[in-house]
Amino acid sequence: MWNVGDAWTETVLSTDPVCVRVGYCLDGEELALLVGADGSVGHVERTERGDDAAAGAGSAAA
């Protein structure tokens, strides 16, 4: 789909109908969107991630 850096992920959940999960990780949090074929957002989820999961996945920690 697109690639805007290591902090972003895309996962195709369905092809008929099209549904893609787009995630973004930053500072121990993840924002996940379910996006349809027309670009509409059907669901939004914001979660905190543990330090182990956030390390290296868009985290500013060095």
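Author: Start with Leu31, which counts as partly exposed because its relative accessibility is 36%. Buried means under 20% relative accessible area, exposed over 50%, and partly exposed in between (1.4 Å probe, protein chains only). This is a predicted model: local features need pLDDT of at least 70, side-chain atom pairs count only at pLDDT 80 or more, and totals for chains, interfaces and linings use all residues. Residues are numbered from 1 along each chain as its sequence is written, and side-chain values use heavy atoms, with hydrogens and water left out.

Reader: Where is Leu31 placed?

Author: Leu31 is in strand 3 (residues 29-36). Strands (E, at least two residues) and helices (H or I, at least four) are DSSP runs, numbered from the N terminus.

Reader: What about charged pairs?

Author: Side chains of opposite charge can pair when their charged atoms come close. A salt bridge here is a side-chain nitrogen of Lys or Arg within 4 Å of a carboxyl oxygen of Asp or Glu.

Reader: How many salt bridges does this rule give?

Author: The count is 3. Glu29 meets Arg46 at 3.0 Å, N to O. That pair links distant parts of the chain, with Glu29 in strand 3 and Arg46 in strand 4 (residues 41-48), 17 residues apart. Arg46 is exposed, at 62% relative accessibility.
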